[in-house]
Amino acid sequence: MSRGFRLASEFVAAIIVGAGLGLLVDYFLPTRPWGLIALVLLGFAAGVLNVIRATAEMNAESAVPKDTPALPDDEDE
Amino acid sequence: MSEKPIEPIHQFQIHEYFSLGTFGGDGTPGSGIHLAFTNSALFMLLTVGAIGLYLIWSTNARAIIPGKAQLLSEMLYEFIHGMVKTTAGHEAMKFFPLVFSLFMFILVANMFGMFPYFFTVTSHLIVTVAMALIVFLTVVIYGFMKNGPKFLKLFVPSGVPIYILPLVTIIEVISFLSRPISHSLRLFGNILAGHIVLKVFGGMVVALLSAGAWGIAAVLPFGMAVALTGLEFLVAGLQAFVFAVLTCVYLHDAIHPGH
């Protein structure tokens, strides 16, 4: 559950930031509504990027370390 | 049915114990900054006090062969020490006090929240946002102090064709700005949702018990509440751990910008 929550929050946060930046751009420049539209889409892309990075991190954590032997050696004991 | 309706949100209400006065403003209600000692402040104080007293008391003996209390303190220290070293690198050890303080505060605040009738400090967004902003500002300020303008390389990944570089840079900036939001939202959301669900199941038990013959069915939500209590202890520890790990990951970016 915590993994799912982490991915969801990473994704949503990027879209929130994108929308916020879009509203800010439209507030100061006469580009309404195109700034919001473009930056929400970019926020979506950033969210996907966040999720990919978070998943890669999780995979790296759970992967088998490289220096573990392929088979346990009984003879060392 | 019971006269008092069951309110799952009621447990998060802030009560004022005593006022410290209003600063600024023109005297009309709602203007200026009103400072007060609330139940949230009380539990923050209790959390910090409990951590400080425990760590001082348990390490006071400085035994070479530690007792149980000293062993727990040393294990907590070693745990965060290893985390900072492996995740953020050796250079990040100067931020060990920050990471350790954040971890201990969140852990103990979450565990305090598991006592009945206790207030959960981390179930308020303002508290988690403040902690996430401390980390975010540390990363930005230290990153610029140490690397100068090279810190901006964080936003320009290498090996990207020049014609899509502006687009990628904007996406990277949004991704970087979204960090404090996801950082704080995750802790807040987990604790808030857990406590509400516990309360709802507890309320179901009461409602079913007061409904006559249907009282026998109260066993089901009661079992869920017991199971969720165990899960909440797991979440309390896990979220403190996740917050600390992500702090280390972000500090790593401040020290080694560029992927």
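Trainee: Among contacts in chain B between residues at least 6 apart in sequence, what percentage join residues at least 24 apart?
Mentor: The figure is 63%. Keep in mind that this is a predicted model. For chain A, 56% of contacts between residues at least 6 apart join residues at least 24 apart.

Trainee: How many helices and strands does chain B have?
Mentor: Chain B has 6 helices and 2 strands. Read from the N terminus, the order is β-β-α-α-α-α-α-α. Chain A has 2 helices and 0 strands.

Trainee: Is chain B compact or spread out?
Mentor: Compare its radius of gyration with the globule rule. For 259 residues the rule gives 18 Å, but chain B comes to 23 Å, so chain B is more spread out than a compact globule. Along the principal axes, its C-alpha atoms fill a box of roughly 70 × 55 × 45 Å.

Trainee: What share of each chain is buried?
Mentor: Count neighbours. A residue is buried if 20 or more other C-beta atoms lie within 10 Å of its own, and exposed if 12 or fewer do. In chain B, 25% of the 259 residues count as buried. In chain A, 23% of the 77 residues do.

Trainee: Which residues have the most contacts inside the largest nonpolar core?
Mentor: They are B:V99, B:F103, B:I106 and B:L251, in a core of 50 residues. Next, ask which elements supply the core. From chain A, α1 and α2 each give at least two residues. The most comes from α6(B), with 11 residues.

Trainee: What does B:V99 touch, leaving out residues up to four places away in sequence?
Mentor: Its contacts are B:I80, B:V84, B:A244, B:T247 and B:C248. B:V99 is also one of the buried residues of α3(B).

Trainee: How do I read helix α3 of chain B, in span and in packing?
Mentor: Start with the span. Helix α3(B) covers residues 96–113, and its 18 residues should span 26 Å at 1.5 Å a residue. Its end C-alpha atoms are 26 Å apart, so the two agree. Then look at burial. The buried residues include B:F100, B:F103, B:M104, B:F105 and B:N110. The buried residues of α3(B) pack against α1 (39–59), α2 (68–88), α5 and α6 of chain B.

Trainee: Which residues of α2 in chain A are buried?
Mentor: They are A:L36, A:L39, A:L42, A:G43, A:A46, A:G47 and A:N50. Their cover includes α1 (2–28) of chain A together with α5 of chain B. Helix α2(A), residues 34–62, has 29 residues and reaches 42 Å from first C-alpha to last, close to the 42 Å expected.

Trainee: How many residues of chain B and of chain A are in contact?
Mentor: Count both sides. 15 residues of chain B are in contact with 17 residues of chain A. On the chain B side, α5 (165–209) and α6 (219–255) each supply at least two residues. The largest share, 12 residues, comes from α5(B). By type, the chain B side divides into 9 nonpolar, 5 polar and 1 charged.

Trainee: How do β1 and β2 of chain B pair, parallel or antiparallel?
Mentor: They pair in the antiparallel sense, over 6 bridges. As an example, B:T22 has B:H34 in β2(B) as its bridge partner. Strand β1(B), residues 16–23, is hardly covered: the count of buried residues among its 8 residues is 0.

Trainee: Is B:E16 buried or exposed?
Mentor: B:E16 has 12 C-beta neighbours inside 10 Å, so it counts as exposed. B:E16 is in strand β1 of chain B. Leaving out residues up to four places away in sequence, B:E16 touches B:A36 and B:T38. For distance, take B:L198. B:L198 lies 182 residues from B:E16 along the chain, and their C-alpha atoms are separated by 25 Å.

Trainee: And B:K68, is it buried or exposed?
Mentor: B:K68 counts as exposed, because it has 7 C-beta neighbours inside 10 Å. B:K68 lies in helix α2 of chain B. B:K68 and B:L246 are 178 residues apart in sequence and 30 Å apart, C-alpha to C-alpha.

Notes: Residues are numbered from 1 along each chain as its sequence is written. Chains are lettered from A and ligands numbered from 1 in the order in which they are written. This is a predicted model: local features need pLDDT of at least 70, side-chain atom pairs count only at pLDDT 80 or more; totals for chains, interfaces and linings use all residues. Two residues are in contact if their C-beta atoms, placed from the backbone, lie within 7 Å. Helices (H or I, at least four residues) and strands (E, at least two) are DSSP runs, numbered from the N terminus. Ala, Val, Leu, Ile, Met, Phe, Trp, Tyr, Cys and Pro count as nonpolar, Asp, Glu, Lys and Arg as charged, and the others, Gly among them, as polar. The expected span of a helix is 1.5 Å times one less than its number of residues. Two strands pair if DSSP finds at least two bridges between them. The radius of gyration is taken over C-alpha atoms; the globule rule is 2.2 Å times the number of residues to the power 0.38. A nonpolar core is a set of buried Ala, Val, Leu, Ile, Met, Phe, Trp, Tyr and Cys residues joined through C-beta atoms within 7 Å.
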